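Open the model in your viewer and keep the sequence panel beside it. This tour tells you what to select next and what is there.

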Amino acid sequence: MSSPTLNYKSIIPNLLGEQAFVYIAKARELARKGAKVISFGVGQPDIPTFDHIIDVAKKALDDKFTGYTETAGIPELREAIADYLNSRYSADVKPNEVIVTPGGKGAIFLAVSAYVSPGDEVIIPEPSYPAYPEVTKFIGAKPVFVPLKWLGSDGGFALDIELIRRSISPRTKLIVINNPQNPTGALFPPKQIDEIMEIAREHKIPVLVDEIYDNFVYDNSPFKSFISYSDWRDYVLYVNGFSKTFSMTGWRLGYLVIRKEVAEKLTRLAVNIWSCTVSFAQKAAVAAMKGDWGPVKEMIKIFEKRRDLIVSKLREVPGFEVWASKGAFYVFPRIKKVLEETGLSVEEFVEQILYNKYVVTLPGTAFPDKAGKEFIRLSFATSFEAIEEGISRLKEGVEELLSKSGR
Ligand SMILES: Cc1ncc(COP(=O)(O)O)c(C=O)c1O
């Protein structure tokens with residue numbers, strides 16, 4: 001007997017998963033078969049969570065701090081988050097404007113839910129972190145993708161402010177800005193951040209700001225946080241989290257900063273979905289914020305050196321145009337020439353490198369919509385040795401593909 005058809009929402013089959021997880025599964029399968037796989041796929045620091053944070057979580061467990069907590073987070077954590085933003089960005093965030101969420105993703109979900117309804121439009125610069133368009137689609141709204149400008153291997157990526165302006169329609173309910181940006185490693189200059197804020201004020205459209213990589217900024221580049229504007233409450237839905245800065249991806253802790261009335265209402269949504277975030281992880285997060293930032297600073301210094309190494313090695317790969325990213329921990333080389341000469345799509349290229357050389361990279365198209373179709377993403381959250389060996393193998397792989405193509 002056949003099973004009955006389930007009437008799930010029609011949007012469900014159209015939702016995309018996160019491609020990074022698909023390629024990581026393929027890599028694991030190869031590794032199980034004995035291949036020595038090197039991965040540039042994963043978006044998390046390879047350095048484990050710092051010991052002083054783990055110790056506090058252990059103590060919280062020993063103290064049996066294991067029950068439900070306040071939905072929006074334990075008071076000392078909301079306060080620690082507000083203090084961090086206020087001292088770092090000269091902001092004036094109050095603890096009751098902070099909601100602690102299960103990862104930055106939880107914060108993105110809450111923010112989009114609060115401002116977007118079916119039929120609305122959300123402006124998303126692309127290539128983009130996939131959660132923004134997928135949550136938008138889930139709500140029944142439409143992602144309006146606005147490609148970033150590619151300024152070549154010296155200039156990198158910039159927001160196309162004019163195109164963003166022209167993409168605004170009466171249905172636009174949200175603009176998304178992720179800075180520093182995944183997947184490109186772009187860091188948008190303060191002037192562009194000011195321009196986005198101007199657009200928000202002029203059109204009365206909120207900006208979903210995701211600054212989860214705010215500590216991963218290289219070359220002493222200037223970084224302007226949206227939370228530093230005195231009128232942030234009117235326009236900014238601010239997402240950040242613990243996953244990247246403190247290498248706490250598995251702890252599932254992020255936060256949304258949003259005006260108080262909305263925070264109160266969204267806390268009611270949160271209680272109906274996740275009740276609260278993990279109790280002892282929250283204690284550890286307080287220690288992360290208030291404790292020694294030395295290890296974070298050390299990690300960023302190491303990442304900057306890795307960025308230098310991966311960029312210089314990638315520049316030796318034929319047909320690659322490589323911009324030295326300024327933020328996050330990704331490089332996003334343009335491989336147009338290689339694709340043209342080999343006749344491969346970017347997905348096919350990535351598969352060839354994975355199966356021929358056991359090196360995991362991600363196709364730019366994993367970051368919707370289509371602006372990434374001539375690019376691949378590599379995470380340099382991995383060891384110097386892995387970068388040396390992995391990019392040498394990648395280079396060999398590209399040379400072999402080019403010599404086989406004989407075009
Ligand atoms: C831009 C961006 N925002 C949010 C997240 C989600 O972070 P979390 O693991 O804290 O949910 C990520 C993770 O890769 C990200 O790259």
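Contact here means heavy atoms within 4.5 Å of each other. Keep that cut-off in mind, because the stops on covering and packing rest on it. Remember too that this is a predicted model.

**Stop 1: helix H11**

Select residues 279–290. This is helix H11, with 12 residues. From its first C-alpha to its last, H11 reaches 17 Å, close to the 16 Å expected. Is H11 mostly covered or mostly open? Mostly covered: 9 of its 12 residues are buried. Now colour the buried ones. Among them are Ser-279, Gln-282, Val-286 and Met-289. Ala-281, Ala-284, Ala-285, Ala-287 and Ala-288 are buried as well.

What covers them? Show helix H2 (51–62), helix H3 (75–89) and strand S10 (254–257). These are included in the cover over the buried residues of H11.

**Stop 2: the loop between H2 and H3**

Stay with H2 and H3, and select Lys-64 in the loop between them. Its phi is near 60 degrees, a positive value in a residue other than glycine. Is Lys-64 buried or exposed? It counts as exposed, at 64% relative accessibility.

**Stop 3: H4 against H10**

Next, select helix H4 (103–115) and helix H10 (residues 260–273). Their axes are 10 Å apart, and they pack at an angle of about 120 degrees. That angle makes H4 oblique to H10. The crossing is right-handed.

Show the side chains where the two helices meet. From H4, pick Phe-109, Leu-110, Ser-113, Ala-114 and Tyr-115. From H10, pick Val-262, Leu-266, Leu-269, Ala-270 and Ile-273. How do the residues of this contact divide? There are 9 nonpolar, 1 polar and no charged.

**Stop 4**

Select residues 131–139, which form helix H5. H5 is mostly covered, with 8 of its 9 residues buried. The buried residues include Tyr-132, Pro-133, Val-135 and Ile-139. Glu-134 and Lys-137 are on the buried list too.

Now bring in the partners. Then step just past the end of H5 to Gly-140. Gly-140 takes a positive phi of about 95 degrees.

**Stop 5: two cis peptide bonds**

Go to Pro-127, in the loop between S3 and H5. A cis peptide bond joins Glu-126 to Pro-127, with omega about 5 degrees.

Now jump to Pro-180. Pro-180 lies in the loop between S7 and helix H8 (190–203). The peptide bond from Asn-179 to Pro-180 is cis, and omega is near -15 degrees.

**Stop 6: Asp-219**

Select Asp-219, in the loop between S8 and helix H9 (232–235). Phi of Asp-219 is near 60 degrees, a positive value in a residue other than glycine. At 34% relative accessibility, Asp-219 counts as partly exposed.

**Stop 7: H14 across H15**

Select helix H14 (residues 346–357) and helix H15 (residues 384–405). Their axes come within 10 Å and cross at roughly 115 degrees. H14 and H15 are therefore roughly perpendicular to each other. H14 passes H15 in a right-handed crossing.

Show Phe-349, Gln-352, Ile-353 and Lys-357 in H14. In H15 they meet Arg-393, Leu-394, Glu-396, Gly-397, Val-398, Glu-400 and Leu-401. The residues of this contact divide into 5 nonpolar, 2 polar and 4 charged.

**Stop 8**

Zoom in on Val-398, in helix H15. Is Val-398 buried or exposed? Val-398 is buried, because its relative accessible area is 0% and buried means under 20%. Leaving out residues up to four places away in sequence, Val-398 touches Val-317, Pro-318, Phe-320, Val-338, Phe-349 and Ile-353. Draw a distance from Val-398 to Gln-352, C-alpha to C-alpha: it reads 9.2 Å, and the two are 46 residues apart in sequence.

Last, select Glu-400, also placed in helix H15. Glu-400 is partly exposed, with a relative accessible area of 37%. Draw one more C-alpha line, from Glu-400 to Thr-267. They are 55 Å apart in space and 133 residues apart in sequence.

How values were computed
Residues are numbered from 1 along each chain as its sequence is written. This is a predicted model: local features need pLDDT of at least 70, side-chain atom pairs count only at pLDDT 80 or more; totals for chains, interfaces and linings use all residues. Side-chain values use heavy atoms; hydrogens and water are left out. Helices (H or I, at least four residues) and strands (E, at least two) are DSSP runs, numbered from the N terminus. The expected span of a helix is 1.5 Å times one less than its number of residues. Buried means under 20% relative accessible area, exposed over 50%, partly exposed in between (1.4 Å probe, protein chains only). Axes are lines fitted to C-alpha atoms, for helices over the stretch in contact, and angles run from 0 to 180 degrees between N-to-C directions. Angles under 35 degrees count as roughly parallel, over 145 as roughly antiparallel, 65 to 115 as roughly perpendicular and the rest as oblique. A crossing is left-handed if the near helix is turned anticlockwise from the far one by less than a right angle, and right-handed if clockwise. Ala, Val, Leu, Ile, Met, Phe, Trp, Tyr, Cys and Pro count as nonpolar, Asp, Glu, Lys and Arg as charged, and the others, Gly among them, as polar.
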